[in-house]
Amino acid sequence: MNPSDTLPLFERGVGRVKLALKSTLKRTPRPSPICLSEQLPWSDDLLCQHGPVLSDTRTLGQLGYADSPHAKIAADSITGVAVVHRLFTPEGVAALQGICSRLEEGAGDSDWIISRRTRGVTALSSFINDMMCSRSFLLAVSRIAGVPLVPYPMVNARSQVNYFYPKPVEQQQQLGMWHTDGTNYVLNIVLSGACEYSGGEFLFHNGTVDSFDALDHRTFENARLDAPGDALFIYGSRLFHGVRPVVSGRRMSLVLSFHCPYFGDDSNRFWHLASDDGIPATIPKWLGLRWALQRSAARQFSRIGIEPITFAQLHHTGA
Ligand SMILES: O=C(O)CCC(=O)C(=O)O
Ligand SMILES: [Fe+2]
């Protein structure tokens with residue numbers, strides 16, 4: 001990769017505040033919500049029985065973090081990045097592809113390298129909502145993460161479908177964005193096969209946020225996500241990552257965020273959320289999020305109607 005291929009950095013700090021003001025003033029018409037009529041309900045049979053298979057796993061400790069985000073859990077017990085194969089059966093992948101393709105109808109254009117995106121898809125698709133609340137699915141993702149997980153409490157930040165298309169060359173430079181996510185536990189599921197698009201590689205910085213240098217590509221790695229349904233699990237707020245411009249074809253991905261209910265802490269910042277939604281819309285959602293984070297783990301699991309997932313259950317199969 002040469003320096004002209006570098007993806008610019010998404011705004012942080014004061015830049016985020018400016019973006020929040022821009023989002024507040026922009027008042028883009030909201031895309032009309034679409035309601036999907038879904039043929040297939042979610043079923044745990046759509047999870048691979050012998051999966052998932054992980055490769056290239058690195059803990060937060062291996063990425064270089066000495067401090068853990070959770071006081072009682074070592075940085076070496078929490079996954080920083082992992083490539084996830086065979087989480088879903090081929091039928092499960094096909095169902096997600098069909099649903100996410102249909103959700104493009106209500107997608108809004110994005111300033112990012114992502115051409116279009118539909119946010120808050122658990123409110124639009126009962127399949128995706130039921131999947132995220134399935135104990136088997138959550139247990140599988142919790143085992144990948146190293147901590148028990150529930151769906152992220154704030155609906156807008158919980159799920160989104162990204163659609164990437166080729167952009168004119170001049171725009172590719174401005175719109176490619178290295179970033180960290182507002183949420184911690186993030187599963188990026190690529191639903192297009194590698195043969196359906198070129199470009200669109202998922203890059204991440206193999207190190208800590210403090211050691212990130214957008215001009216030093218020696219620390220960048222390309223996640224091998226070839227088969228449709230392959231996913232990259234990341235500790236999103238502590239890992240710089242970005243998708244390179246799509247040069248041809250179309251790349252579609254489903255991005256899901258989770259929260260560890262045993263700890264009240266959360267990395268999401270008001271300005272991170274406000275840069276997406278504008279300031280007035282973010283205030284009530286932010287208060288709702290703070291409120292939700294106070295709830296006990298037992299309560300958070302019971303709200304989604306499942307038995308709690310415990311730390312002990314992460315280390316043996318079954319449960
Ligand atoms: O679409 C992807 O694969 C990931 C994009 C991303 O990093 C994000 O939406 O935060
Ligand atoms: Fe991201």
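Which strands each supply at least two residues of the shell around ligand 1? Select strand S6 (159-164), strand S12 (241-243) and strand S14 (251-259) to see them; strands here are DSSP runs of E, at least two residues, and helices are runs of H or I, at least four, numbered from the N terminus.

Before going on, note that this is a predicted model, where local features need pLDDT of at least 70, side-chain atom pairs count only at pLDDT 80 or more, and totals for chains, interfaces and linings use all residues. Residues are numbered from 1 along each chain as written, chains are lettered from A and ligands numbered from 1 in written order, and side-chain values use heavy atoms, without hydrogens and water.

Now show the 13 residues that surround ligand 1, each with a heavy atom within 4 Å of it. Asn162, His179, Asp181, Arg251 and Ser253 are the closest.

Next, look at the polar contacts (N or O atom pairs within 3.5 Å). Oxygen atoms of ligand 1 lie 2.9 Å from a polar side-chain atom of Arg251, 3.0 Å from one of His179 and 3.1 Å from a side-chain N or O atom of Asp181. The protein buries 94% of the 290 Å² that ligand 1 exposes when taken alone (Shrake-Rupley areas, 1.4 Å probe).

Finally, select helix H8 (residues 270-277) and helix H9 (residues 279-294), whose axes are 8 Å apart at an angle of about 135 degrees. H8 is therefore oblique to H9, as angles under 35, over 145 or from 65 to 115 degrees have other labels.

Note on methods. Polar contact = N/O pair within 3.5 Å; in protein donor to acceptor, adjacent residues only side chain to side chain. Axes fitted to C-alpha atoms, helices over the stretch in contact; angles between N-to-C directions.
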